[in-house]
Amino acid sequence: MLPPGMVRLKGQSGSVEGGPISGSDFLQLRAEDAPAKGLTAWLTAGLRDAIAGRRLASGARLPATRVLAADLKISRGVVVEAYQRLIDEGLATGRTGDGTRVTDISGKSEMPHDRRRALDELRLPFPPPPGIDIDLSPGVPDLSAFPRVQWLKAEKSVLDEITGSDLGYGDPGGTPKLRAELIAWLRRTRGVRAEADDIIVVSGVAQALALLAQTLRQDGVTAAAVEDPGSRGATDQMAHWGVRPEPVPVDEQGIQVDLITQDAALLTPAHQFPTGVVLSPARRRALLDRGGLIIEDDYDAEHRYDRAPVAALQGSAPERVAYAGSVSKSLAPGMRLGWLIAPRRLQPALLEAKHGSDLGNPALPQLVLARLLASGDYERHLRLVRSRQRRRRDALLAGLERHLPRARVTGVAAGLHLLIILDTGEDDTALAARAAAHGVLVHPLSWHRQRPGPPGLVLGYAAQPPDRLTEAAQRLGTALTPPSRNRSGAPSS
Ligand SMILES: Cc1ncc(COP(=O)(O)O)c(C=O)c1O
């Protein structure tokens with residue numbers, strides 16, 4: 001008797017759990033049904049079905065591409081491409097020498113109840129709720145594009161070269177090698193004005209905000225202006241450390257600077273999260289003129305498609321701006337590696353807070369990132385993902401135009417997400433729930449708002465291949481078709 005989730009395959013006595021499999025029965029596809037066009041999509045859909053139906057269990061190794069191709073009488077290239085799509089979608093993992101395996105999620109159900117409940121209360125974006133097969137949560141880059149080969153190569157040369165002292169407790173503000181490379185990069189690409197010694201290496205923008213909030217609290221600051229809508233994660237971070245986020249509305253020119261009443265203001269000037277607007281030159285000037293501390297969250301600076309990047313505000317007022325960025329959107333959020341460049345008067349307290357938190361970031365990833373920056377591999381990687389993301393954005397845009405023509409789309413020139421505004425008169429949490437019922441996870445705009453405003457949906461596109469985005473747009477079109485206005489009584493503007 002086989003345990004649940006395993007199937008016995010034709011011509012094979014073992015199970016699919018963990019071991020290699022041959023044959024194609026688990027697919028429920030027949031060679032004679034193969035379409036003349038769209039073979040890859042056909043096979044990918046069959047594989048997805050097999051995973052969803054647990055005919056392929058967690059951790060199962062997929063058949064060798066050669067074997068499956070022969071079984072289905074298709075070319076091996078089609079199988080290779082279909083496996084790659086599963087990897088892109090996070091449904092499978094591929095490793096040299098170990099073939100392609102169904103992503104192992106078996107550990108998740110064993111999580112202790114209290115831990116599960118704590119994670120649920122944090123409302124983290126993982127794992128996606130049951131029934132979701134296209135996750136458009138914003139803020140996630142294409143993780144399948146992580147430059148594994150370059151990282152390994154860089155890590156190897158770093159390990160060949162470093163001495164024992166490079167692995168000891170170091171400067172809590174980060175290794176000098178990384179700070180030197182970073183400052184050159186940020187000066188060149190973001191117009192930042194600072195020295196290597198002004199950088200504090202942190203574990204992401206989140207930690208930069210945590211350190212700033214702690215430091216502001218010591219100075220008696222208890223509130224900071226934040227964009228509304230704005231990044232919920234960033235606002236939560238400030239609030240957690242005792243700095244109350246005071247919402248200031250955002251319009252098509254960015255945050256409404258004349259409505260800021262707090263000394264400190266946290267904002268995303270280059271690409272406002274989540275609306276995607278760029279802070280206008282007039283507002284930039286007004287912001288710089290008004291005094292007070294500006295916390296500049298440059299979270300997705302590298303992802304520009306249709307226009308030149310806007311320089312960082314920090315370059316215009318280094319003594320007024322605390323600038324934060326990270327590799328979360330360029331490499332992977334799991335790296336937890338970022339930087340903070342604060343006005344010099346704040347640096348001693350920030351270094352003390354960093355030291356008090358964790359004594360400094362891990363040395364090895366810092367040295368590897370320094371190597372990637374120096375070799376040009378980081379920049380080459382960015383160029384690659386930028387063109388890939390542009391194609392993904394275009395696929396989603398085309399799909400939305402076709403299937404959801406009533407939606408107003410904004411924030412498309414940059415970033416990893418776009419925003420759609422719907423004038424159906426409906427609450428966006430209800431719209432997101434309807435999308436979820438069709439298997440598509442999106443963020444309601446209200447989730448990122450503190451005060452009520454027009455309903456919208458935030459759609460992250462970077463982590464999905466173009467055909468899945470087309471599919472997502474089609475499902476959104478079906479899910480979000482407005483209900484009859486007559487019955488709801490809403491005005492038909
Ligand atoms: C606007 C914004 N700021 C900050 C963060 C956190 O970034 P990090 O991973 O660098 O801590 C995110 C994450 O999604 C974000 O969207």
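This is a predicted model: local features need pLDDT of at least 70, side-chain atom pairs count only at pLDDT 80 or more; totals for chains, interfaces and linings use all residues.
**Group meeting: a walk through the model**

Hi everyone, let's start with a helix.

Now, which way do the residues of β4 point? I199 and V201 face one way, while I200 and V202 face the other. As a reminder, side chains in a regular strand alternate between the two faces of the sheet. Are these four β4 residues buried or exposed? All of them are buried.

Next, move along to β5 and β6. Strand β5, residues 223–228, runs parallel to β6, residues 244–251, and six bridges join the two. D228 stands across from P249 in β6. D228 also has something else to show us: the peptide bond from D228 to P229 is cis, with omega near 0°. P229 itself is in the loop between β5 and α8. There is a cis bond between F273 and P274 as well, with omega at about 5°. You will find P274 in the loop that connects β8 (265–267) and α9 (281–289).

The largest nonpolar core has 68 residues. Which residues have the most contacts inside that core? They are L209, A265, A322 and L340. Helix α7 gives the largest share of this core, with nine residues. If you click on A322 and skip its neighbours within four places in sequence, you get contacts with L212, L293, I295, E296, L340, A342, P343 and L346. Another core, of 32 residues, lies apart from this one, and L416, A435, A463 and L469 are among its members.

Four strands form an open, antiparallel sheet in the order β12-β13-β16-β15. Two bridges link β15 to β16, residues 456–460, in the antiparallel sense. P444 is opposite L457 of β16.

On to the ligand. There are 15 residues around it, and G139, G204, A206, S326 and S328 come nearest. By class, the shell has six nonpolar, eight polar and one charged residues. Helices α7 and α8 (232–240) each contribute at least two residues to this shell.

Let me pick out two more residues. D298 is in the loop between β9 and β10. Is D298 buried or exposed? It has 26 other C-beta atoms within 10 Å, so D298 is buried. Leaving out residues up to four places away in sequence, D298 touches R190, A270, A312, Y323, A324 and G325. The C-alpha atoms of D298 and V205 are 8.5 Å apart, although 93 residues separate them along the chain.

L351, in helix α10 (residues 347–358), is another one to look at. With 18 C-beta neighbours inside 10 Å, L351 counts as partly exposed. Beyond residues up to four places away in sequence, L351 touches P172, G173 and I200. G173 is 178 residues away along the chain, and yet its C-alpha atom is 6.3 Å from that of L351.

Last, some backbone angles. Most residues other than glycine have a negative phi. K73 has a positive phi, near 55°. K73 is in the loop between α2 (65–72) and α3 (76–88), and with 10 other C-beta atoms within 10 Å, K73 is exposed. L359 also has a positive phi, near 65°. L359 is in the loop between α10 and α11 (363–375), and it counts as exposed because it has 10 C-beta neighbours inside 10 Å.

Note on methods. Residues are numbered from 1 along each chain as its sequence is written. Two strands pair if DSSP finds at least two bridges between them. A residue is near a molecule or strand if its C-beta atom, placed from the backbone, lies within 6 Å of it. Ala, Val, Leu, Ile, Met, Phe, Trp, Tyr, Cys and Pro count as nonpolar, Asp, Glu, Lys and Arg as charged, and the others, Gly among them, as polar. A nonpolar core is a set of buried Ala, Val, Leu, Ile, Met, Phe, Trp, Tyr and Cys residues joined through C-beta atoms within 7 Å. A residue is buried if 20 or more other C-beta atoms lie within 10 Å of its own, exposed if 12 or fewer, and partly exposed in between; C-beta atoms are placed from the backbone. Two residues are in contact if their C-beta atoms, placed from the backbone, lie within 7 Å.
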